[in-house]
Amino acid sequence: MIIDSHCHLTFGDYEDDVDLVIEKAKNNGVSTILNVATNKQEYPYMIALLEKYPFVYGAFGIHPDSINPENMIKIDELLELLHHLKIIGVGETGLDYHYETIDRKYQQEAFMIHIEAARQTSLPLIIHTRDADDDMAAILEEAMIYSPFKGMLHCFSSSEKLAKKALDLGFYLSFSGMITFKKADEVREIVKKVPLDRLLVETDAPFLAPVPFRGKRNEPAYIKQTFDMLADLKSVSKDALSEILKDNFYTLFDKKLKKEKIWK
């Protein structure tokens, strides 16, 4: 049984067949799905999904690509949206400097608001980072010194230097179908160095479908290809890796799952 630690089933890509996608995932050994909403418009659709499927949980945040002065979320508003029983994480949030379409200062301001929400709720922070390694490392280090919080860097594809910094600060690293790509040697080398007790696996669906589905719409059922690659890279059996990843997910998302007694 495999946990998909990060996907986006409330994206328009699944508008016509989300129920079939979830059923297919279940039939392919996916025991738990963490759906991540990235803007306010997705929120009501996510809540409906969480209330329909017992094994689907949620996280909510504003993606850095969606931040601007007009929609900057306030801490009280974010805390209210995180209140639902089955929302177990804050994000995704973070920094994305790849296209430079969103002013960096707004991204950083929003990121700090999400960090504060993670502190106040004790929920894990789900972090997106792209072409922003130095600022990400500096912000996380400074924020952790001020007041600790926990979280994961999802779909990790950054530098080994940032990976080490994140691990030193206590974060988990989650890897996607990217590790199956032919030219992803650098990411695969990082996977080999991540301690087993800090490792998570995800699809980031609908993005980054693993080989042999690359180029198609990704979905949680395809996590097996990434999982198999992780087992090979870490030289552990699939049964052992399944238990390790489940324990890691439990540990990271423990407070709300245990408090509300919603984990089955």
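This report walks through some backbone features and helix packing in the structure above.

The model is predicted, so to speak of local features a pLDDT of at least 70 is needed, side-chain atom pairs count only at pLDDT 80 or more, and totals for chains, interfaces and linings use all residues. Residues are numbered from 1 along each chain as its sequence is written, and side-chain values use heavy atoms, with hydrogens and water left out.

**Backbone features**

Let's begin with the backbone. Most residues other than glycine have a negative phi, and most peptide bonds are trans.

| Site | Feature | Value |
|---|---|---|
| Alanine 205 to proline 206 | cis peptide bond | omega near 20° |
| Valine 211 to proline 212 | cis peptide bond | omega about 15° |
| Leucine 208 | positive phi, not a glycine | phi about 55° |
| Serine 235 | positive phi, not a glycine | phi near 55° |

Proline 206 sits in the loop between β8 (199-201) and α8 (223-234); helices (H or I, at least four residues) and strands (E, at least two) are DSSP runs, numbered from the N terminus. The loop between β8 and α8 also holds proline 212 and leucine 208. Leucine 208 is partly exposed, at 26% relative accessible area, where buried means under 20%, exposed over 50% and partly exposed in between (1.4 Å probe, protein chains only). Serine 235 belongs to the loop between α8 and α9 (238-252) and is exposed, with 66% relative accessibility.

**Helix α7**

Which residues of α7 are buried? In this helix (residues 185-193), they are Val187, Arg188, Ile190 and Val191. Viewed down the axis of α7, these buried residues fall within an arc of 155°, so they line one face of the helix; the arc is that of the directions from the helix axis to the C-beta atoms. Glu186 and Lys193, on the other side of α7, are exposed. The cover over the buried residues of α7 includes α6 (160-168), β7 (172-175) and α8, with contact meaning heavy atoms within 4.5 Å.

**Packing of α8 on α9**

Helices α8 and α9 pack at an angle of about 105°, with axes 10 Å apart. Axes are lines fitted to C-alpha atoms, for helices over the stretch in contact, and angles run from 0 to 180 degrees between N-to-C directions. That makes α8 roughly perpendicular to α9, a term for angles of 65 to 115 degrees. From α8, the contact uses Lys224, Phe227, Asp228, Leu230 and Ala231, and from α9 Lys238, Leu241, Ser242 and Leu245.

Conventions
Parallel < 35°, antiparallel > 145°, perpendicular 65-115°, else oblique.
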